[in-house]
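The entries follow in the order in which I made them.

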Amino acid sequence: MNIRVESLVKKYGNQRAVDGISFEVKSGEIVGFLGPNGAGKTTTMKIITCYMAASEGDVKVGNYSVREDAAAIKQCIGYLPEHNPLYLEMPVIEYLQFAASIQGVAKSNINARVREMVKVCGLDKEKHKRIDELSKGFRQRVGLAQAMIHDPEVLILDEPTTGLDPNQIVEIRELIRRVGEQKTVILSTHILPEVEATCDRIVIINDGKIVADGVPSELRKQASGAEISRVRIEEGMPNEVFQQLSSISTVELVDLSGTDNLYEVKSKQGLSSRRAIFEMCVKNQWILTELTPIERDLEDVFRNVTMG
Ligand code: ADP
């Protein structure tokens, strides 16, 4: 089931918290919705899940519109809200039975669905405990189980791993990856490794606007543009090495890291300087002990598009 966000606007008083965004998520895709705090992620997700009305624009889930078909959309969406609100005094099984009934699962099917979710989400050992007796990681599993109890085609997960420890994060990511194989998923986060580990595509929002949209490798390539190499040259005097590196015709910028004869050399757009650096060392009888390409990571992409 596709999701199409079309020129969506949400105003809070004078503030345009979501400012005319459009993007599409294809059936079966896991999309990471990324942005700094306050960018508009939660607001967008609340509109997609029909928990909040749009000021302008529309969201289509399959052929349904959030403006006209809220009930139908809620049926085909599972939502894990920010902070994962749960009824803490309820035992896991009872809570999931309750979630199933309010999601309209047929009475005759409720126990089978609860059993299935307990299995899929790895809740077997904890299923009779009260939710307030569970660790944060297990509560998150219960949140995912309630989101999927009615077997929705679409999952909207708002910051699903916030507050978890590193082991729990890995477990929840794997769970999302697994259940995401058959569903369309939008997952919001401000944690970058999360997106790399879990998502097929990334949409970055900043200040209510979409500032990047693509697969992680494409975004990294766009951000890197020019070749950057880390170069370690021994024997030569740093000043002289610096000057000669700077005078190579393909070199745009040299940064002297100040330690251990290390330099960061940025080439002009579309050009490479590695051969010339090697030849310069040979000519001067300097020893080249390192020549490593520096790959831009998603942190750089994120900073590039969300700052300044
Ligand atoms: P994110 O999920 O990316 O952190 P939000 O969607 O929660 O961002 O918030 C986007 C902006 O809208 C923020 O500036 C926030 O303060 C503002 N905002 C969110 N909810 C409300 C609200 N109910 N009333 C007024 N302003 C709000």
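**Ligand site**

I began with the ligand and found a backbone N or O atom of Lys 41 at 2.9 Å from one of the ligand's oxygen atoms. I then looked up how much of the ligand is covered: alone it exposes 560 Å², and the protein buries 61% of that. I note here that the model is a predicted one.

Which elements give two or more residues to the shell around the ligand? I found strand 2 (15–25) and helix 1 (41–48). Helix 1 provides the largest share of that shell, with 3 residues.

I went on to the side chains. Gln 15 places a polar side-chain atom 2.8 Å from an oxygen atom of the ligand. For Tyr 12, I noted a polar side-chain atom 3.3 Å from a nitrogen atom of the ligand.

I listed the residues around the ligand; besides Tyr 12, Gln 15 and Lys 41, they include Ala 17, Pro 36, Asn 37, Gly 38, Ala 39, Gly 40, Thr 42 and Thr 43. By type, I recorded 4 nonpolar, 6 polar and 1 charged residue in the shell.

**Largest pocket**

Next I looked up the largest pocket, and its volume came out at about 450 Å³. How many residues line the largest pocket, and which lie nearest its centre? I found 18 lining residues, with Tyr 51, Tyr 79, Ile 102, Gln 103 and Gln 146 nearest the centre.

I traced the lining back to its elements. Helix 2 (70–76), strand 6 (77–80) and helix 3 (92–102) supply at least two residues each. Helix 3 gives the most, with 4 residues. I sorted the lining by type and got 11 nonpolar, 6 polar and 1 charged residue.

**Domains**

Last, I checked how the protein chain is divided. Domain 1 covers 3–214 and domain 2 covers 226–295. How many Å separate the centres of domain 1 and domain 2? Taken over C-alpha atoms, I have 48 Å between the two centres.

Key:
Residues numbered from 1 in each chain as written. Predicted model: local features only at pLDDT ≥ 70, side-chain atom pairs only at ≥ 80, totals over all residues. Heavy atoms only, no water. Near = heavy atom within 4 Å. Polar contact = N/O pair within 3.5 Å; in protein donor to acceptor, adjacent residues only side chain to side chain. Areas by Shrake-Rupley, 256 points an atom, 1.4 Å probe, with all protein chains shown as cover. Nonpolar A, V, L, I, M, F, W, Y, C, P; charged D, E, K, R; others polar. 1 Å grid on protein atoms, 1.4 Å probe; cavity = no way out; pocket = protein on both sides within 12 Å on 5 of 7 lines; lining within 4 Å. Points joined across faces, edges and corners; volume = space filled by probe spheres on them. Domains from an automatic or database assignment.
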